[in-house]
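Biologist: I would like to learn how to read this structure, feature by feature. Please give the general idea before each case.

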Amino acid sequence: MPRHETTFRYIGFAAISLLLIGLAGWYFFISRQTANLGEVSEARGFAVGVPSFTGSRGSTSENIASGFADAPPATAEAEPQRPPRLWRVSTAPVAGAGFVSVSSTTVLRYVERSTGHVFDVDPMTGVVTRRTNRLIPKVYEASVGKGDTIVARTITDAGARETFVGSLGTTTVDGFTPLTGTDLGPSIRDIVFDSDGVVFLADTASGGSQLVRAEIDGSEPSVLRVFGAGDFNLSLLTDGRIILVEKPSSGMPGYAYAVGNGLVPLARAVPGLTLAARASSSTAVLIGADNGSSLSLSVRPTPDAASLTLDIDTVADKCVWMPGLSFTAYCAVPQEDPAPGFLTNWHRGTVHTTDSWYVVDGGAGTSDSFFEMKSDDAIDVERPTMDGGGNFIAFMNARDKSLWLLRIIE
Amino acid sequence: MASHTGKAWGILLCALLVPFLSYAQVSLTGLERPLDLAMTPEYPAGGDTVTFTVSSYGVDLDRSAIVWYANGKEIARGNGLTTTTVAAGKLGTATEITVIAEEQDGLIGSTQATIRPTEVDLLWEADSYSPPYFRGRTLAGTNATIRAQAIVRFVRPDGNAIPEGDIIYSWYKGTKRIASGRGKSSITAPGPTLFGTDTFSVTAESVDGLYHGRASARIDNVDSTIELYENHPLFGVLYHRALIGSATTLETELKVTAVPYFAHIIAPHETSLAYEWALDSTALAADPDHPETFTITTNNYTGPVTVELSLTSVADLFLKATGTWEIVFGESGSFFGNDLFGRPQ
């Protein structure tokens, strides 16, 4: 009996020891898994609070606020000063800009990207005035039209396009002008203002697209042309002509048309086609080509004339024609030859250029250096536009979407 | 005396031949031997330089005097002159080309052709993915569907364009005709297969058969590639500034969004896609609602991290895209006005 008790006692101790060892092992196993999960969670940011975007690393909000104009002072209350010849109007990203006439004064109007707020800039004095306080977050593209009209294009959470078209009111509330408008829906591929309304390229149910003219609010649409296929970048000249340029890719032949009584070809089967048409009856065009390995730019003064190859290598999207009778255009030209496949990479934001400005004599087919931008600014010009008097060029820097203004006359 | 006799015979011969050649310019007898006339390009556009080449099995052209006429006016002449060039007029013009060849033994051959300049453009687009407001061409990824549109300009001498409904279109993919019909100016067809290239072409002919044109487009299959962009809380996805190689940021938290260019998808967050994210080789689960977007929080860490992404699709077995980026979280500074991604230092 005592021997049995001793045996049972040993077995009991052994069982308890095994149980304790097992529990200890389980504890350490669980602890290790918890540590792994913690590392993963920390890596994903689950262990930190909502970021305030303030502190020693800078404040985005402050940066936006301070981003409006480098110099001169940006508010209407400040003493007006003449801006420098090349002036960074806004360091904060903008969605689009254009010149409009306000009370017979030329004004550079732009839409701020993060808020959709509309600002007016007096290019002579540098005074910046905020016009609206309607919040339209994350505006990817914007354009301004006559009659205080605005297009602001955003992206929904599901990735669909939204196209808000609105106009500024005639009164002010708390110092701001009400902005009212409507959303034209997700089918709008591209949109421009014309004299009375808008012209847009929209998806069709069959997968093609149609060119439509409508009122600002999208009412009274009239279909100008239906395409079974073909994806275009749309623009409108001050003479009322609608320009369609097939979206380009390096080395890929592209076509461009003016829409009038039918489609009038402006350029046919040009590899990597970009095109800047002059607003006049002469229909001069700057034709950019990207053959996949290099860029070239040519000018065709009239439809029947032969193209004259210019000695500057750039894309026509970096060019703007001077309004009026002059055959003068201004082009931003990369100071170093871009790597092969430039257009494809440029549109994907994987490559940028550092440009300087050249002036082009479209009649003679010659070009000269016009304005050299400081290399430390590293400006990759996109969406240049010129005021009606031919005094200023406004453009965006494709590197950071900042807005710049260049005065033509020193 | 002999020389006088020879001169007299010469004058007589000229007197006999000149009326014949003049007659040949305005109307041929129809009894001439037919000649073959090739035109390059086959479908000239307005202003093109057109090369004509005449050939024949019945007439020895190398030993013939050949005269070329354009709209009744002589443009070239020579022994054995089997090729000549003519500038096509504008759209809406017609240039009648006549060639007459006469052998030394008097055997005559002739043929005619008419240049009616036409223009046919072939536009196309693929249904592959590219982000909203992308201003470049969306190329054909794997399994892409191609939509093509022919823009035809057939202009009659009175200046009127022939309407689309009076034109017969024939569509080809390679050498295979895939569609045809009156007024069928656009088609939808499968795109090139993986690593393949297809040539889509269209021929157009007016119903009366007078006007012809052709255009073609070479479409390459491209591999889907991923670009990574910062998804900024205020500005949205910075599509204009892709993260390239090693990118430096001064933010403490960075949200990035992957864009699978030219993948056969409608949206990058569709459920058929599988995004496999890894941070410094540690696999992390993606956000189920937006697996294309990923947030990195530094927790005061400064230094490089490696982001890896592999993208596959259960709906498209050929879709396989990968990418690796290094993001260096910097010490201090402000967001704007500093070199961020890919900007020269």
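The dialogue below takes up confidence, cores, domains and a sheet.

Modeller: This is a predicted model, in which local features need pLDDT of at least 70, side-chain atom pairs count only at pLDDT 80 or more, and totals for chains, interfaces and linings use all residues. Residues are numbered from 1 along each chain as its sequence is written, while chains are lettered from A and ligands numbered from 1 in the order in which they are written.

Biologist: What pLDDT does chain A average, and where does pLDDT stay under 50?

Modeller: pLDDT is the predictor's confidence in each residue, from 0 to 100. Where it is low, the predicted coordinates should not be read in detail. Chain A averages 86, and 86% of the residues score at least 70. The score stays under 50 over residues 37-62 of chain A, where the model has 34 contacts beyond four places in sequence. Residues 67-76 of chain A also stay under 50, with 26 such contacts. Two residues are in contact if their C-beta atoms, placed from the backbone, lie within 7 Å.

Biologist: How many residues does the largest nonpolar core have?

Modeller: A nonpolar core is a set of buried Ala, Val, Leu, Ile, Met, Phe, Trp, Tyr and Cys residues joined through C-beta atoms within 7 Å. Buried means that 20 or more other C-beta atoms lie within 10 Å of the residue's own. The largest core has 154 residues, and Ala256(A), Leu275(A), Leu286(A) and Cys331(A) have the most contacts inside it. It draws at least three residues from each of domain 2 (119-220) and domain 3 (225-329) of chain B. Another core, of 17 residues, lies apart from it and includes Leu61(B) and Trp68(B).

Biologist: Which domains does the assignment give for chain B?

Modeller: Domain bounds come from an automatic or database domain assignment. For chain B they are domain 1 (34-115), domain 2 (119-220) and domain 3 (225-329). The C-alpha centres of domains 1 and 3 of chain B lie 64 Å apart.

Biologist: What is the order of the strands in the open sheet of chain B?

Modeller: Strands of a sheet pair through backbone hydrogen bonds, either parallel or antiparallel. Strands here are DSSP runs (E, at least two residues), numbered from the N terminus, and two of them pair if DSSP finds at least two bridges between them. The open sheet of four strands runs β17-β16-β19-β22 (chain B), with antiparallel pairing. Its edge strands are β17 (236-242) and β22 (293-297) of chain B, each pairing on one side only. Six bridges join β16 (residues 225-232) to β19 (residues 253-261) of chain B. Within β19(B), Pro260(B) is the bridge partner of Ile226(B).

Definitions and conventions:
A residue is buried if 20 or more other C-beta atoms lie within 10 Å of its own, exposed if 12 or fewer, and partly exposed in between; C-beta atoms are placed from the backbone.
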